[in-house]
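Could you walk me through this model in the viewer? I would like to know what to select at each stop and what is there.

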Amino acid sequence: MNTRVLPLGNTYTGSNGSVHAPVAVHAPVAVHAPVAVHSPAPVHSPAPVHSPAPVHAPALVQAPVTYGNRAPVVVYQQVAPTNSSSIVALVLGLISFISTFFLLGIVGIIFGHIARSQIKARGERGNGMAVAGLWLSYLSVLFWAAFWLIYFGVIALMIGAAITAGGGTVS
């Protein structure tokens, strides 16, 4: 129960700092009036019998005191949708990061930048996924570009060293 009855004369400070004092409420309480004693009446005439009538006197009863001013209000807000381009950027960034198909990383970079601009314009969610997709895509493209440059560079150096060591002509 969310109410509390305080003894008369006490106060209660609610959770929001409001002070509640007791309130007097008049409630009827039955009090019996004194009954007059009649002498026995003669046998030949019936004596009137008086029943005691209740007399209502006001009594102080404590009114319930609630905690705080009112019940909490619950507000539900609709959640903004997640941008689908950010999901695509993250998936393409992951695939290009763990596979050798670094062209997906280039597409992931494009989708990541498109997603970030759409998120700013529309107020959608998914900025973290877009940034993660951009990071993964950039890292995978840089890694694989460096790998293939070093790989073909080593092959070119080996061919050049073989040409110079073998007489200078390639047939």
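Start by selecting helices H1 and H3: H1 passes H3 in a left-handed crossing, meaning that the near helix is turned anticlockwise from the far one by less than a right angle (clockwise would be right-handed). H1 covers residues 84-98 and H3 residues 127-165; helices here are DSSP runs of H or I with at least four residues, numbered from the N terminus. The model is predicted: local features need pLDDT of at least 70, side-chain atom pairs count only at pLDDT 80 or more, and totals for chains, interfaces and linings use all residues. Residues are numbered from 1 along each chain as its sequence is written, and side-chain values use heavy atoms, leaving out hydrogens and water.

The axes of H1 and H3 come within 7 Å and cross at roughly 30°; axes are lines fitted to C-alpha atoms, for helices over the stretch in contact, with angles from 0 to 180 degrees between N-to-C directions. H1 and H3 are therefore roughly parallel (under 35 degrees; over 145 is roughly antiparallel, 65 to 115 roughly perpendicular and the rest oblique).

Now show the side chains where they meet. On H1, pick residues including Leu 90, Leu 94 and Phe 97; on H3, the residues they meet include Leu 136, Leu 139 and Trp 144. Contact means heavy atoms within 4.5 Å. The residues of this contact divide into 11 nonpolar, six polar and no charged.

Next, select H2, residues 103-122. H2 and H3 pack at an angle of about 155°, with their axes 8 Å apart. That makes H2 roughly antiparallel to H3, and H2 too passes H3 in a left-handed crossing. The residues of the contact of H2 with H3 divide into nine nonpolar, seven polar and one charged.

Zoom in on His 113, in H2. Is His 113 buried, partly exposed or exposed? At a relative accessible area of 42%, His 113 is partly exposed (buried is under 20%, exposed over 50%, partly exposed in between; 1.4 Å probe, protein chains only). Leaving aside residues up to four places away in sequence, His 113 touches Leu 134 and Tyr 138.

Last stop: Arg 122 and Glu 124, whose side chains meet in a salt bridge at 3.7 Å, N to O. Glu 124 counts as buried at 18% relative accessibility, whereas Arg 122 is exposed at 55%.

Methods. Helix = DSSP H or I, 4+ residues; strand = E, 2+ residues; numbered from the N terminus. Nonpolar A, V, L, I, M, F, W, Y, C, P; charged D, E, K, R; others polar. Salt bridge = Lys/Arg side-chain N within 4 Å of Asp/Glu carboxyl O.
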